[in-house]
Structures are given as structure tokens and as C-alpha cells.
Amino acid sequence: MNTLRVKIWRGREQGALQEFEVPRRESQTVLDVVTHVQRALDPTLAYRFACRVGMCGSCAMSVNGRARWTCRTHVDQVIEGDTLEIAPLTNLPVIKDLVADMSEFFDKWARARGQFQPTATRKDEFARVRPDSSEREQVDAGIECIGCGVCYASCDVVTWNPDYLGPAALNRAWTLVNDVRDGARDERLGAVAGDAGCQACHTHMSCTERCPKKISPTAAIAGLKRATLGALLAGRI
Amino acid sequence: MRLAEREFGAPACGRSASTVMSARSQVRLWAAQRASAVVLALCVLVHLMTLIYAVRGGLSAAEILARTRGSVTWGAFYSIFVIAVAVHAPIGLRAILHEWLAMRGARLNAVVAIVALVLMVLGLRAVWAVVA
Amino acid sequence: MKSDWRARAHPAWWAFAVHRISGLLLTLFLPLHFLTLGVALNGEAALQSALVWTEQPLIKAGEVVLVLLLAAHMAGGIRLLMLEFLPWRNWQKSLLALAAGLTVVAGGAFLMNLV
């Protein structure tokens, strides 16, 4: 088996899968395959990547129906027979070919109050946060997110309820809710409460299942569900 | 205005204008469904054991009514059961109508309220029928 | 673009599907259940005649399905409450297996007493 049959999405929202034949190589990643197509077979193919080593979060695509980082996915891991199907991330508008428009994804991080709100100035002593404190451990569990959009593309609640902030934005909010230096806890809990926020999650756990960093946004969202209820009962949101 | 608000707009702006219900009410609905779920978990456990027992030798009206007629305990149990289900089921149905039939706003709330009312009335009527 | 079944093929998603479908079917069944019991307002004999049709094999099979739906929704619901309200830990698959086991036991017990 020296040749791969690769079906790649061409077009925008309307389009079709186009088939290419790509030579099979040892230790070949899906990103290598896409790059070969663009460089050797069809230079008009649009796709997005930057670091190629799983740090930047630019190259996520739908590979054989599942959202993945193409740079860290070996062809061996995902091939079915001799066929690969590569499409842009789901739940996002398509700009062209394999490039999805991430604007809405990142706008939702802002809507979930994903920005740190400082309470100290540079003149203050810097905060001491014990690494084994429960808040710091909650932050650690979710802080390594690089915003690749794999969880967002995998989430059916996003598909069915387009206002839903989604797993990545809510995971970000939960890391800030647990940041003892942050001063916008209640505003943030208000921003993530309700049908567009954490209460919409049905614990499908597709985000947790697919996250390349092994983060569990489901755990973060469960924490937000409890925290928003607590804030509501205390009259703080 | 704080820096964050100037850059990103007021908080809690994630909801579309067509949403009638406030985020607070949505959290309350979510909490009501979980609270009723705890009650229902206990009720259903008792119900399952009762019906596994009751079905032996076929269902008989005499057997059912001998157990329930005049019983304050069964009357109270089934009333709580019905009230919990009339809270729980419509909220679940609300998510289904919202997500799968794209129902929104006042229309969604009306359908959910009617389903809750129907379950409550028919359920309490049934309790009355077997207990009184 | 929309995702398809390939993105959903994992145990927690199936658990969601079972929970939602069982909840929906139980909600649809409830008015029927309440109306049947309500017949007792007209006396024991009336209720007995309303229960006669439960002896038909097809209805009996339906009853087993209902018990399975109820047990599955309860067990799956307890699983969800534990995931949402208890500290997070790596027990999702165990909870799922437990919920499935509980459902099968309840269905089996009902079936054995039914026939």
C-alpha cells in the first residue's frame, strides 16, 4: 500500500470532497498529507497551520469525521483502508477549503469574560498561590488549553444551540473563577449562567473525549453549574 | 467603565434578543430539574420495586386498590411523585424542543407550561382515583 | 459544516442518547398511564376492565420496554447528578457500566415476575 486515497473538502459552505492520490510515507502526519497536496498537486488548496508541533492550535481539521490536530495525528492512527477524509472543523463557517472561520469561537471567549481582571497593581506584593491549594489544582486542570477549537467542533450542543458559549470558553472561565487574584468572579458567573452558558451542557463529553491536551471541559462546566447556582442563591448574580 | 467592559462589551451579553427568559430563571429551571431528579430517583426506585412485585400473577385492580385505597402513605408518596415529575419532565422537554425543533421564546415557554399543567392535573387526578 | 455520527461514536454520547430518548418516551407515556389509573374513579370493576388488555403479549412486551426505559433513565440520571455535583474524578466509564448494569437487573427482575 504505497498510495493514499485522500478526499479533501473543496469550496465553502457549499462544496464537495475532491480526491487526490498521495504517496504513503513512514511516520507521515495528516498535515504532511495536506501539505503534499498543496505543494505538489493543487496550489489553490487553502489550509491553516503554523508550528507543526502541537503548540499553536492552528491546524485542527475534521479527519475521518472527528476533529483533530492534523500535525500530531499520524496517518497510521486514523486511516480506514487506504482512505483519508479531511474537512474543515465543524460548527464553524467555512472560509475556503480546509480553513474554518474561528471568529465566533473567540468572540465567545470574550463573552464568557475570558479576560483576567486584576485586583492588584505593580506596586503590590505579588500574590502567593500554593501549588497544592484546591483552587490552583482546578486552574491547572484546564489552563493548558491552546484554543484549537477541537472541543467546540465536537460539541453537539453548539450545533443545536448556536448561542451556546461552548466548552473552550467555559473552560477558560472556570480557570479564572478559580484564580484567587481575579476580581470579576460574579460578573463572569453572570456571563456564563443560563441557556447560552454552562446550564446548556448535557454532559455528552465529546469535548473531553476529543481534547488533544486531555483537558476535561465537562469537569469545568460542571464546576460552573454549581458555582452559578451558588452565586444565584447568594444573590450575587 | 472598567477596562474589560470597554473592550468586550457588558457582561452577560451572550444571549440573543429573542430570548424571553432571563439567565437567572434559566439557572433556576436547571436547579429545579436537578432537585426534582433527586426526589424522582427515590420515587422511581420504590416504584420499580412495587411494580416488579405487583405484576406477579398479572395486574389486578382489586390488588392495586387494596394497597392504595385510604392509605395516607401511598397517597402522599404518589402526590410527591406526580409533582416531581410535573416539574422534571417539562424542563427536559424544553431542551428537546429548543435544540431539535428550534422552538424559542414565549412559544417555547407556553408549550412547556401547558405540558407541566397537563401532567400535574392528570397525575393528581390518578392519585385521587386510586387513593380516595 | 455539521458533524455526523462518526464524531458521536463514544460511550458518554450513547448514554446521552439513551437518557434523552427514554425521557421523551416516558413523558409521552405518562398521560396514558394517568388516564388508565383515573378510570378507578368509576370503581374497581371499571379499572379491572381497563387492565384486561395488559394481558396481551404485545402489551406485556411494551411493559418490559417501559420498565427498561424507566430504569435506564433513573440510573443514567443518578450518573449525571454524580458527574455534576460530586468532585470530578476518572470514573465516567465505571458509572456508565454501573448504570447499564442496574438497568438490565431491573428489566430482568420485572421480566421474571411478569411471565
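Biologist: Let's start with two helices from neighbouring letters: are helix 5 of chain B and helix 2 of chain C roughly parallel or roughly perpendicular?
Modeller: In this predicted model, the axes of those two helices come within 8 Å and cross at roughly 30°. Angles under 35 degrees count as roughly parallel. That makes the pairing of helix 5 of chain B with helix 2 of chain C roughly parallel.

Biologist: Zooming out to the whole contact between chain B and chain C, which helix of chain B gives the largest share of the side that touches chain C?
Modeller: Chain B puts 27 residues in contact with 29 residues of chain C. Four helices of chain B each supply at least two residues to that side: helix 2 (23-54), helix 3 (61-68), helix 4 (72-100) and helix 5 (105-131). The largest share is eight residues, and it comes from helix 5 of chain B.

Biologist: How many residues of that side of chain B are nonpolar?
Modeller: Sort the residues of chain B that touch chain C by class, and three come out polar and three charged. The nonpolar ones number 21.

Biologist: Now for chain C against chain A: which helix of chain C gives the most to the side that touches chain A?
Modeller: This contact takes 17 residues from chain C and 21 residues from chain A. On the chain C side, the elements giving two or more residues are helix 1 (5-8), helix 2 (11-38) and helix 4 (57-85). By class, that side has nine nonpolar, three polar and five charged residues. The most, four residues, comes from helix 4 of chain C.

Biologist: Chain A meets chain B too, so are helix 10 of chain A and helix 2 of chain B roughly parallel or roughly perpendicular?
Modeller: The axes of helix 10 (residues 217-233) of chain A and helix 2 of chain B come within 10 Å and cross at roughly 115°. Angles from 65 to 115 degrees belong to one group. Helix 10 of chain A and helix 2 of chain B are therefore roughly perpendicular.

Biologist: Which residues of helix 2 of chain B make that contact with helix 10 of chain A?
Modeller: The crossing of these two helices is left-handed. Helix 10 of chain A brings T228(A), L229(A) and L232(A), while helix 2 of chain B brings R24(B), V27(B) and A31(B).

Biologist: Okay, chain A by itself: what percentage of its residues count as buried?
Modeller: Chain A has ten helices and seven strands, and its C-alpha atoms fill a box of roughly 60 × 35 × 30 Å along the principal axes. Among contacts between residues at least 6 apart in sequence, 64% join residues at least 24 apart. Of the 237 residues of chain A, the buried share is 48%.

Biologist: Take helix 3 of chain A: within what arc do its buried residues fall?
Modeller: The buried residues of helix 3 (residues 103-111) are F105(A), K108(A), W109(A) and R111(A). Looking down the helix axis, they line one face of helix 3 of chain A, because they fall within an arc of 160°.

Definitions and conventions
Residues are numbered from 1 along each chain as its sequence is written. Chains are lettered from A and ligands numbered from 1 in the order in which they are written. This is a predicted model: local features need pLDDT of at least 70, side-chain atom pairs count only at pLDDT 80 or more; totals for chains, interfaces and linings use all residues. A residue is buried if 20 or more other C-beta atoms lie within 10 Å of its own, exposed if 12 or fewer, and partly exposed in between; C-beta atoms are placed from the backbone. The arc is that of the directions from the helix axis to the C-beta atoms. Two residues are in contact if their C-beta atoms, placed from the backbone, lie within 7 Å. Ala, Val, Leu, Ile, Met, Phe, Trp, Tyr, Cys and Pro count as nonpolar, Asp, Glu, Lys and Arg as charged, and the others, Gly among them, as polar. Axes are lines fitted to C-alpha atoms, for helices over the stretch in contact, and angles run from 0 to 180 degrees between N-to-C directions. Angles under 35 degrees count as roughly parallel, over 145 as roughly antiparallel, 65 to 115 as roughly perpendicular and the rest as oblique. A crossing is left-handed if the near helix is turned anticlockwise from the far one by less than a right angle, and right-handed if clockwise.
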